[in-house]
Amino acid sequence: MNNTTDIFFNNGQLNWNALSTITNTILVLALVIITWWYAKEVKKQTEFMKIDRSVKEMEKLVAPLHSKIDDPYNSAFMNGTPSYRQHYPEYHTFWCEIKQAKYLGPDYLRLAIGNYLRNKSDVVVDDDDGTRDISYEKAEAELFRAIKKRYSELESELLILGKRAKS
């Protein structure tokens with residue numbers, strides 16, 4: 001007899017130890033392959049979740065704020081809060097949505113939004129009279145920097161995540 005037959009048979013009897021070892025080796029190899037495949041799928045799913053999270057932050061928080069910064073007809077960034085909701089519904093809706101989506105942003109953006117809102121006057125302030133609210137202007141400038149920084153970060157992040165998702 002040849003050596004292969006000698007592995008499986010011992011004096012005409014089936015060698016259960018050898019058969020068990022080979023079967024266990026095959027099963028372990030199958031388990032390793034399945035685990036590798038599963039880890040690869042989990043990584044893909046994690047990347048998609050990161051993309052979804054970043055898109056949500058961009059759509060609900062950063063892009064709406066960013067779009068209002070350079071808008072000359074924008075009333076969202078005025079020092080004061082219009083007191084009549086029925087006359088300024090877009091203003092109140094805008095800030096209500098921003099406050100609801102604030103949790104999506106990083107710490108520095110959440111802090112800048114909070115600081116800005118704390119430094120706004122409760123009534124609309126007319127800055128044309130020559131008096132300027134320094135604390136409001138500082139909070140507004142800080143908020144604008146934070147918005148622009150996060151907008152840039154999200155653009156880069158979404159570009160990188162999009163390339164990874166395609167590959």
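## Helices α2 and α3

The axes of α2 (residues 16-69) and α3 (residues 89-101) cross at roughly 140° and come within 9 Å. Axes are lines fitted to C-alpha atoms, for helices over the stretch in contact, with angles from 0 to 180 degrees between N-to-C directions. The crossing of α2 and α3 is left-handed; that is, the near helix is turned anticlockwise from the far one by less than a right angle, where clockwise would be right-handed.

From α2, the contact uses Lys 60, Leu 61, Pro 64, Leu 65 and Lys 68; from α3, Phe 94, Trp 95, Ile 98 and Ala 101. Contact means heavy atoms within 4.5 Å. By class, the residues of the α2 contact with α3 are seven nonpolar, no polar and two charged. Nonpolar covers Ala, Val, Leu, Ile, Met, Phe, Trp, Tyr, Cys and Pro; charged covers Asp, Glu, Lys and Arg; the others, Gly among them, are polar.

## Basis of the model

Residues are numbered from 1 along each chain as its sequence is written, and side-chain values use heavy atoms, with hydrogens and water left out. The model is predicted: local features need pLDDT of at least 70, side-chain atom pairs count only at pLDDT 80 or more, and totals for chains, interfaces and linings use all residues.

## Chain layout

The protein chain has five helices and two strands. Along the sequence the pattern is α-β-β-α-α-α-α. Helices (H or I, at least four residues) and strands (E, at least two) are DSSP runs numbered from the N terminus.

Of the 167 residues in the protein chain, 25% are buried. Buried means under 20% relative accessible area, exposed over 50%, partly exposed in between (1.4 Å probe, protein chains only). Among contacts between residues at least 6 apart in sequence, 71% join residues at least 24 apart.

Helix α5 (residues 134-166) has 33 residues, which at 1.5 Å a residue should span 48 Å; its end C-alpha atoms are 48 Å apart, in agreement. The expected span is 1.5 Å times one less than the number of residues. Buried residues of α5 include Tyr 136, Glu 140, Phe 144, Arg 150 and Leu 161. The buried residues of α5 pack against α2, α3 and α4.

The axes of α2 and α5 come within 9 Å and cross at roughly 150°. The two helices are therefore roughly antiparallel. Their contact holds 15 nonpolar, three polar and eight charged residues. α2 passes α5 in a left-handed crossing.

## Helix α4

The 13 residues of α4 should span 18 Å at 1.5 Å a residue, and the end C-alpha atoms are 18 Å apart, which agrees. Leu 109, Ala 112, Ile 113, Gly 114 and Tyr 116 are the buried residues of α4. Their cover includes α2, α3 and α5.

The α4 and α5 axes come within 9 Å and cross at roughly 155°. That makes α4 roughly antiparallel to α5. The contact includes Tyr 108 and Asn 119 of α4, and Ser 135 and Glu 153 of α5. Its residues divide into ten nonpolar, three polar and five charged.

## The loop between α2 and α3

Pro 82 lies in the loop between α2 and α3. Pro 82 is buried, with a relative accessible area of 3%. Pro 82 and His 92 are ten residues apart in sequence and 8.3 Å apart in space, C-alpha to C-alpha.

How values were computed:
Angles under 35 degrees count as roughly parallel, over 145 as roughly antiparallel, 65 to 115 as roughly perpendicular and the rest as oblique.
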